[in-house]
Amino acid sequence: MSIKEAEAQLSSAGTTTDAALKSATLLQIEGLCIEGQSEERWHRIVKGIGLTLRRGEVLGLIGESGAGKSTIGLAAMGYARPGCRITAGRVVFNGRDLLQLGESDLRRLWGSKIAYVAQSAAASFNPAHRLIDQCVEAVVGHQLTAEDNAKRNAVDLFRRLRLPAPDQFGLRYPHQVSGGQLQRAMTAMAMACRPDLIIFDEPTTALDVTTQIEVLAAIKDIVRQFDTAAIYISHDLAVVAQMADRVMVLRYGELVEEAPTRVMLSNPQMPYTKSLWAVRSLRKEEEAGEKILLDVSGVDASYGTFKVLHDVNVKLPRGRTVAVVGESGSGKSTLARVITGLLPPSSGSIRFDGKKLPARLKERDKDLLRRIQMIYQMPDTALNPRRRIRDILGRPLKHHLGLTGAARQRRLLELMRMIELDERFLDRLPSELSGGQKQRICIARALAINPELIICDEVTSALDQLVAEEILKLLLRLQKELNVSYLYITHDLATVKAIADEIVVMHQGRVVESGPKSQVLTPPHHAYTELLLSSVPEMDPDWLDAILAKRQGAELGASPSG
Amino acid sequence: MNPILKTVLQRLGLGLVTLFLVSIVIFSAVTMLPGDFATAILGQSATPETVAAFQRQIGLDRPPVLRYLFWIGGVLQGNFGESFSSAGGLGGGHARTVVSLIAPRLKNTLFLASFAALVAVPLSLILGMLAALYRNSIFDRLVNLVTLTSISVPEFFIAYILMLFLAVRLPLFYSLASVSPETPFLERVARCALPALTLVLVIVAHMMRMTRAAIINLLASPYIETARLKGVSPGRIIFRHALPNAWAPIATVIALNLAYLIVGVVVVEVVFVYPGIGQLMVDSVSARDIPVVQACALVFAVTYIGFNLAADIVSIVTNPRLLRPR
């Protein structure tokens with residue numbers, strides 16, 4: 001639809017010219033096909049996508065990894081990453097087909113008319129330059145205004161995005177500010193030229209929930225203030241629900257469903273969309289434990305002179321799951337290092353199965369090492385890429401149980417059955433497995449030698465929701481069958497609800513609240529638990545506004561003047 | 001204390017320790033050289049008594065440990081001892097100090113090295129950046145081909161080819177680089193042009209290819225994509241976004257090549273009859289003039305350690321994480 005047609009349509013409906021301009025089409029994508037190269041061959045990764053975006057509208061793109069969301073987002077700028085190529089389609093922005101434009105014409109649009117906010121702001125800022133210099137580079141480079149003017153504008157944006165000390169903020173280097181602040185700085189950088197369109201590519205995925213809510217609020221606010229159109233890409237439906245007017249669900253590079261946000265949430269049509277909604281329904285019935293397997297009491301630990309854990313107490317009953325929850329830097333993973341003996345505590349004691357656990361790894365005997373196992377966050381890096389699955393699983397069997405030959409083969413097959421993978425996988429390399437399959441192998445490796453305690457460090461946070469749910473189900477089933485105990489470290493409260501019997505909430509190296517799941521999750525909460533719980537986005541488009549209004553009200557109520 | 005200053009001082013201390021160990025290695029190696037100076041200078045026909053007397057005169061009869069301590073003690077006070085060969089056999093006469101022998105030669109070498117470096121370093125950085133900018137283009141391939149060819153051909157061959165074409169066929173340059181301390185600066189530059197050009201051709205390839213590789217390596221970083229999507233021009237991306245983060249590997253290669261310019265140019269010196277320190281060392285080795293050999297080796301060691309230290313410091317101060325802690 002051309003601008004003229006849109007105007008004609010609107011004027012016939014009797015709206016003002018302002019509204020007409022607003023609902024004019026800004027971006028129209030038709031029949032977009034993109035191929036990606038892997039192993040010398042081109043594969044189709046986007047298969048004929050079309051979308052329309054009006055001025056000032058926010059469109060959400062949802063899907064799991066591999067759905068082609070980011071590729072489409074970049075193609076909306078007329079850009080394909082190295083190793084990708086746009087093979088067909090039109091990307092019409094403001095009446096011009098970006099796919100027909102040359103490199104230098106595109107450069108004139110990039111930054112000034114269309115801007116991009118990447119997932120990892122930490123990697124997307126140049127470490128060698130000050131933030132403000134990077135924020136004004138596009139404005140000055142496109143000769144839209146003079147440098148001092150641009151800098152004043154950047155400071156103004158920092159202020160609007162509620163960054164601390166906006167006048168000095170830009171003088172810092174990327175490594176000197178936190179992840180949430182960097183993500184807001186990136187939004188300021190994108191906003192610097194007042195573009196017509198911003199592509200947000202998972203801007204809050206790498207952040208803690210408590211930080212995410214601030215960044216979401218800041219982005220939503222500033223997009224609204226400048227009436228900028230945006231494409232908001234995320235795998236998290238609840239996040240998109242807060243930001244987008246309209247949602248497109250993608251899978252395998254194809255459109256599954258498209259609808260206005262509220263319609264999509266209340267009445268999803270396609271089975272795949274419904275399954276995305278269903279993920280959050282997994283919930284374990286809480287069971288009280290009897291015999292305590294692991295008893296961490298009064299543990300302090302520090303890196304050098306920096307104290308990371310303060311008087312941490314955790315009790316884990318046999319055959320149960322204790323979830324350790326907290327944002328990054330809360331000391332969750334340090335606790336795991338202390339229990340595994342990688343970091344000896346400076347005071348306090350750990351008892352395992354009634355006996356005192358030696359502080360150092362070196363002092364623990366082989367059997368003790370066997371009884372405590374660990375599963376890591378990134379299955380990609382936890383498996384040796386040059387070893388076949390048979391060797392990866394077989395080595396602990398030989399080392400700890402002395403199994404060889406036919407006995408080992410029997411155990412290998414048994415393990416593969418446990419983790420629901422075909423035995424053919426035994427002869428594959430890790431690179432030939434998907435993320436979920438790799439994590440299953442990691443679980444099998446931990447289970448291989450019959451441990452009593454498995455420490456799971458964010459084992460599902462690198463996986464897509466559907467895959468993550470499968471892994472959680474597997475862990476629960478194995479616990480029932482083998483009576484193994486889990487210390488489950490996570491920042492994701494949905495996962496906690498799904499898997500835990502008891503919860504330990506950590507904040508800045510201290511346990512702020514602990515107890516059975518039902519007790520911790522029912523009010524009244526400790527203030528930090530409350531903050532954590534209330535920061536988890538909900539599937540309600542009004543959730544963000546409501547929670548911000550509530551918090552603001554609480555602040556006003558708490559201040560003496562209010 | 002400033003963490004950078006602390007690191008730099010640590011490296012400096014480490015460099016001094018290395019230098020001390022190297023001095024032991026140098027001394028041992030020179031002591032183990034076959035043949036000795038006394039026989040070399042007095043000839044095969046000398047009687048054992050004459051040889052012994054001569055050895056006593058220049059101190060060769062003392063045990064090695066004592067000789068080492070005596071030598072290193074002198075070095076610490078800036079006294080590298082006296083040259084054996086200038087002692088003029090048994091006749092005595094006024095012996096020349098090692099310093100007075102080495103100083104003019106070292107000056108010549110440093111002059112030639114600086115001359116070559118001033119051309120080669122900027123040239124290879126610019127070529128490297130251009131090659132990265134126009135990677136896989138004809139220009140990139142051509143630069144790679146030419147520099148690779150020049151590094152693959154022995155340096156004496158390049159030297160003679162240059163001499164043939166640029167001094168003999170086309171008499172543009174001096175074919176021999178004979179200079180004396182009195183030679184005026186401009187004439188010195190003119191006389192050194194061919195050896196400097198030879199050295200440039202030898203070292204450009206290495207530095208240019210590392211610059212290109214370091215920059216291309218960084219071009220895959222997310223912040224480069226961010227810069228592109230801000231509409232930053234390709235040239236500015238290379239110069240402003242990639243180069244500042246590529247200094248560490250580039251500096252290491254530059255340091256190695258600059259050290260080579262001082263330490264490894266003996267072949268070029270011989271071809272152009274240039275009175276540099278490399279030739280002095282080779283002459284002294286064949287004459288068994290131990291104090292001069294040791295002093296030259298020590299100068300070379302200082303050069304290597306110094307340049308590597310400089311490269312380390314460059315990689316520290318170009319890393320904003322180290323330069324500006326949180």
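**Working through a predicted two-chain model**

B:Phe156, B:Phe157, B:Tyr160, B:Ile161, B:Leu164, B:Phe165, B:Val168 and B:Val267 make up a nonpolar surface patch with about 700 Å² of accessible area together. Accessible areas are Shrake-Rupley values with a 1.4 Å probe, and for residues only the protein chains shown count as cover. This is a predicted model, where local features need pLDDT of at least 70, side-chain atom pairs count only at pLDDT 80 or more, and totals for chains, interfaces and linings use all residues. Residues are numbered from 1 along each chain as its sequence is written, chains are lettered from A and ligands numbered from 1 in the order in which they are written, and side-chain values use heavy atoms, leaving out hydrogens and water.

**Exercise 1.** Work out whether A:Asp196 is buried or exposed.

*Solution.* Step one: grab the cut-offs, with buried under 20% relative accessible area, exposed over 50% and partly exposed in between (1.4 Å probe, protein chains only). Step two: A:Asp196 has 18% relative accessibility, so it counts as buried.

**Exercise 2.** Find how much area chain A and chain B bury between them.

*Solution.* Step one: buried area is the accessible area (1.4 Å probe) that two parts lose on being put together, summed over both. Step two: for chain A and chain B that's about 2400 Å², 53% of it on carbon and sulfur atoms. Step three: on the chain A side, A:Arg107, A:Glu137 and A:His175 lose the most area to chain B, together 27% of what that side buries.

Notes:
Patches are made of residues with over 30% relative accessible area and no salt bridge: like charges are joined within 9 Å, nonpolar side chains (Val, Leu, Ile, Met, Phe, Trp, Tyr) within 5 Å. A salt bridge is a side-chain nitrogen of Lys or Arg within 4 Å of a carboxyl oxygen of Asp or Glu.
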